[in-house]
Amino acid sequence: MSADAREQRLPVVLHGIGVCPGVVMGPAFVMAPEATYVPDRRLQPADVDHEISRLEKALIETRRQLRSIQQDMEKREVLVDSRILDAHLMVLDDNAFIEEVVGRVRKELRNVESVVKEVADRYAAVLSSLDDAYLRERNVDVKDVARRLIRNLTGKTQVSIAEMARQHIVVAQDLVPSETALFRREKVIGFVTDYGSVTSHTAVMARALAIPAVVGLGDISHRVQMDDEVLIDGHKGLIIIHPSAEQLEQYGRVAEERRNIEQGLRENLRSEPATTPDGRRVTLSANIEGLDELEAVAEYGAEGVGLFRSEYAYLSADRRAVSEMEQAELYTRVAKRVAPASVIIRTLDLGGDKQSPDLPAHPEANPFLGCRSIRLSLQNPETFKIQLRAILRASQVGNVKLMYPMISGVEEVIAANRLLDEAKAELARDGVPFAPDLDVGVMIEIPSAALTADAIAPHVKFFSLGTNDLVQYTLAVDRINERVAYLYKPTHPAVLKLIQQAVAAGHRHGIWVGVCGEMAADPLMTPLLVGLGVDELSMAPAAVPLVKDAIRSIDYARMQEMADVAMGCILPGEVVEHCRRVIGADAPELLALIGSPPTGETPAET
Ligand code: PEP
Ligand code: MG
């Protein structure tokens, strides 16, 4: 399109849900949804040679793409070794595979993509029926390679994010964690999606990487075209397609001011403790999904890692399973880097919106209520023990703690601890060193766990409140469904009562209680959570400075008072207003940075 045509376009402003603050602008990179349709055509005998040469070209291109991704992975610290793509490359070099495809194209006179699909599906089915776990896993590699090959054959190749040549704003219908795991600040400067909500894992990743993002925009992936100019205001949850020169200027100025203030806070507060003016000390730690984020932990002044979401090692970079030694190496690297501070490694929390293509295919009508997280681990004790042993191996260096997700009652804690004892005995038998008394904690993210916290507490050393799930399960609001996002209220009285009960139960039993859901990252919620007695807040590293500022600006006594008032409120919006009043009085500059009510709220609510 010519520059003139571009200039004539009028700005279009769209509102969605801001999930990571910040203002950015740049050209759009529109990700097409994965094509599931594979063309199936008959060939004339005269077309066969041309068809085979298409296959050869696609094989060369696919090899080139895989090598380029491998090189890229080698250059930066990613969760898994670039050698995992060797298996993909081996499939491309497998003569039997290629000969079968060529033979069938010639014999059946069918187009090459349809034959590639059939042959690959058959290979994958054979592999997945084998007893050997390693070979079974390779079925995923075959499917992935076939998909890439077919995309290259159909010409529907989209440049993958890993191969993006310059900075873009990613526009997509939806993104899965394995895609966001490939985002890097230097290439993906922002993203917008049709679907999603504040606590979807896509949003969690945006905050982890500090990439401004707006989700739940309805049909943005159809409205925007490749390279259209897009401006994102992640704070207000709005985007502008084809922004005018004045809008660009105005937003650029506001964004720069905000960046300067935030940078000042970051530098000034980095080494300061999170202590209220009247002396209440709170631990502020970081939520991370991978090694790439470790630098940010220290940079933003967090004290160690309060939540290491270990499942991302399974979901990212085409890797579907990680062996005991690979996991142990990963956990050891994290523990060493954050020592002497601690790292809380959460055992696998797969399921829900973190689906691994490698999990047994048991489609569930309600995946968030299904075989998720600790349930999956307890149903697969051998796989679970591999992870437990890996965490134990890492516990001999640094300060490693272990946490079980999605506990619904004490029986699950007892069952998990029993497997942990078995894992310890196995390592001891083999003479492998580990910390025998490593702290074990649980996430309180299901109402039943909050209500029975007194029964759970004697079996653990800490609680960490997973408010993302706690809100979803208490209010029966799917955390990733943008259509009900307006009902997702962390300040709902029912949620606050559960938080209060869990904190009180933990303290009665002499254990500390933290919050690692997104509520911990919202400075507006800081006085409320600290006032309720929470000892630790864990959040995306970039959120630490503002939360620390809130803690250092408001007396604990005042926070306790405000928590008392909040507990008497009937409407979620009243609680929010009350938080704003307290912060406005004691930390007006912070309130200015927090800005207007969070997006995703219905105006009627407050
Ligand atoms: C939570 O549920 O609040 C939490 C921290 O876990 P996740 O977001 O990974 O489900
Ligand atoms: Mg959770």
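Student: How many salt bridges does the count come to?
Tutor: The count comes to 38 salt bridges. The rule is a side-chain nitrogen of Lys or Arg within 4 Å of a carboxyl oxygen of Asp or Glu. This is a predicted model, where local features need pLDDT of at least 70, side-chain atom pairs count only at pLDDT 80 or more, and totals for chains, interfaces and linings use all residues. Side-chain values use heavy atoms, without hydrogens and water.

Student: Which residue does E51 form a salt bridge with?
Tutor: R54. Their closest N and O atoms are 2.6 Å apart.

Student: Where do E51 and R54 lie?
Tutor: Both are in helix α2, residues 48–75. They sit 3 residues apart, about one turn of the helix. Helices here are DSSP runs of H or I with at least four residues, strands are E runs of at least two, and both are numbered from the N terminus.

Student: Now the ligand. How many residues surround ligand 1?
Tutor: 16 residues surround ligand 1, and R309, R346, G466, N468 and R479 are the closest. A residue counts if one of its heavy atoms lies within 4 Å.

Student: How does the shell divide into nonpolar, polar and charged?
Tutor: There are 3 nonpolar, 5 polar and 8 charged residues. Asp, Glu, Lys and Arg count as charged; Ala, Val, Leu, Ile, Met, Phe, Trp, Tyr, Cys and Pro as nonpolar; the others, Gly among them, as polar.

Student: What is 2.8 Å from an oxygen atom of ligand 1?
Tutor: An N or O atom in the side chain of R309. For D469, a side-chain N or O atom is 3.0 Å from a ligand 1 oxygen. A polar backbone atom of T467 is 3.1 Å from an oxygen of ligand 1.

Student: Which elements give two or more residues to that shell?
Tutor: β10 (305–309) and α19 (467–475). The largest share, 3 residues, comes from α19.

Student: Different topic. Which peptide bond is cis?
Tutor: The one from A339 to P340, with omega near 5 degrees. P340 is in the loop between α13 (324–338) and β11 (342–346).

Student: And what is the phi of D227?
Tutor: Positive, about 70 degrees, although D227 is not a glycine. D227 is in the loop between α9 (220–223) and β7 (229–233).

Key. Residues numbered from 1 in each chain as written. Chains lettered and ligands numbered in written order. Polar contact = N/O pair within 3.5 Å; in protein donor to acceptor, adjacent residues only side chain to side chain.
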